[in-house]
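Please read these comments alongside the model. They are arranged as numbered points.

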Amino acid sequence: MQRLTVLGSTGSIGTSTLDVVARHPDRFQVIALTGNSQVGLLFRQCVQFKPRYAVLLDEDSASQLRQSLREAGVDTEVLCGVEALEQVSVLPEVDAVMAAIVGAAGLRPTLAAAKAGKKILLANKETLVMAGNVFMDAVHASGSALLPIDSEHNAIFQSLPHNYRGDMQRSGVSKILLTASGGPFRKTPLADLQNVTPEQACAHPNWSMGRKISVDSATMMNKGLEVIEARWLFNAGADDIQVVVHPQSMIHSLVQYIDGSVLAQLGNPDMRTPIAYGLSWPERIDAGVAPLDLFKVATMNFEAPDFERFPCLALAYQALRAAGTAPAMLNAANEVAVAAFLDRQIPFLYIPRVIAAVLDALPVYPVHSLDDVLGADAEARRVAELQIRQVT
């Protein structure tokens, strides 16, 4: 029996995780669930899975959930605040932590889980983007098992040798090929991007995701963040990671070997597949996902990414090569810019302009601790807000 904390249980990854868990009640027990603002959904999850703990970030929501659970006769203790996220990530009875909180908010509890030696199912990009060396040092020091849940990194993980230890040359790996759908604007005339609405940007052609990550997919910043993640997960340099636009999203990523072989992981675009693999690794379990019908797919296309159309991808490579605090500043500026776009404060094409302005304005420093990361994050947000105020 594997006992779980699900950080971000009300998001798309969290709900998919609980869908897989519900299919295997003999294998998994939910110890803690955490949410942000969807009190009703978290209540329904608590009624179904009866965790020992539930966490919400503000006291009003926590009080509402406590009352609802008490009236329903569910004996779940409701905790409140950021510190409670860390608390449920390091509980002695917890074996594995699904890190699915979107954004920088997921950094501290995920790092706490790593330091505690938990098995980490990593779906929070920002942990590696912002603090890759700090997080990986904690994973190695504690002996924590790290399973990537992003479909692309999970595919790479599955396509690498089973004994891969971060040495591409010794393992015969020549390149990591990270696939991208191209998002909803892959073929949109560049002149039309100026008038893109949040609704259009959130309408991903293949995946059902939250609003922020959907916008990141539309700008391809999502793929840029994944490039930085891959650098830390697989100890690969910027030149070792190539983005390949694959509109059908059936090949989730590939690994190229020095003997000419290219290994890929294929499947229908459903996050329950990588989630199930991470939960059950090194075994495999039913994820509730229909098998891929190659006859129905029939054709697969591949394109090189257009950096003029997707400047955010170029900015991510720039930040990766700059190293130090640059990726944390990139991520912070992007979060601020995307939030402003979703609030209709800035146009779609201003997102990369805000990020570029922040990277140009701030110096890059080495990262020695989480404080270095959080300081860079705060300063980048300040500068990004100034940039946005100039527009509005």
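1. The structure is a predicted model.

2. UniProt, in an unreviewed entry, lists residues 4-132 as "domain: 1-deoxy-D-xylulose 5-phosphate reductoisomerase N-terminal". In the model this span is 47% helix and 21% strand.

3. Thr5. This residue belongs to strand E1, which runs over residues 2-7. Thr5 has a relative accessible area of 0%, so Thr5 is buried. Its side chain comes to 2.8 Å from the backbone oxygen of Val88. Leaving aside residues up to four places away in sequence, Thr5 is in contact with Ala32, Val88, Val94, Ala96, Val97 and Met98.

4. The binding-site annotation. The unreviewed UniProt entry gives "binding site" for Lys125, Ser151, Glu152, Ser181, His204, Ser217, Asn222, Lys223 and Glu226. Of these residues, Ser151 is included in the lining of the largest cavity.

5. Two residues from that annotation. Are Ser217 and Glu226 buried or exposed? Ser217 sits in helix H9, residues 211-219, and counts as buried because its relative accessibility is 10%, where the cut-off is under 20%. Glu226 is placed in helix H10 and also counts as buried, at 1% relative accessibility. Residues up to four places away in sequence aside, Glu226 touches Lys125, Asp150, Glu152, His153 and Leu178. Lys125 and Glu152 are among the residues that carry the UniProt "binding site" annotation.

6. The cavity. How many cavities of 30 Å³ or more does a search of the whole structure find? The search finds one. The largest cavity has a volume of about 40 Å³. Its lining consists of Ser151, Asn154, His252, Gln265, Asn268, Asp270, Thr273 and Pro274. By class, six of these residues are polar, one is nonpolar and one is charged. Helix H7 (151-159) and helix H11 (272-280) each contribute at least two residues to this lining.

7. The second largest pocket. Its volume is about 690 Å³. The lining has 27 residues, and those closest to the pocket centre are Leu146, Phe157, Tyr164, Arg165 and Leu233. Two or more lining residues come from each of helix H6 (125-142), strand E7 (146-148), H7 and helix H10 (221-234). H6 gives the most, with six residues. By class, the lining of this pocket has 16 nonpolar, eight polar and three charged residues. H7 contributes here and to the largest cavity.

8. Helix H11. Why is H11 described as largely enclosed by the rest of the structure? Eight of its nine residues are buried, which is the reason for that description. The buried residues are Arg272, Pro274, Ile275, Ala276, Tyr277, Gly278, Leu279 and Ser280. Pro274 is also one of the residues lining the largest cavity.

Note on methods: Residues numbered from 1 in each chain as written. Predicted model: local features only at pLDDT ≥ 70, side-chain atom pairs only at ≥ 80, totals over all residues. Heavy atoms only, no water. Helix = DSSP H or I, 4+ residues; strand = E, 2+ residues; numbered from the N terminus. Buried < 20%, exposed > 50% of the residue type's maximum accessible area, 1.4 Å probe, protein only. Polar contact = N/O pair within 3.5 Å; in protein donor to acceptor, adjacent residues only side chain to side chain. Contact = heavy atoms within 4.5 Å. 1 Å grid on protein atoms, 1.4 Å probe; cavity = no way out; pocket = protein on both sides within 12 Å on 5 of 7 lines; lining within 4 Å. Points joined across faces, edges and corners; volume = space filled by probe spheres on them. Nonpolar A, V, L, I, M, F, W, Y, C, P; charged D, E, K, R; others polar. UniProt positions renumbered as here; feature names shortened; annotations may be inferred.
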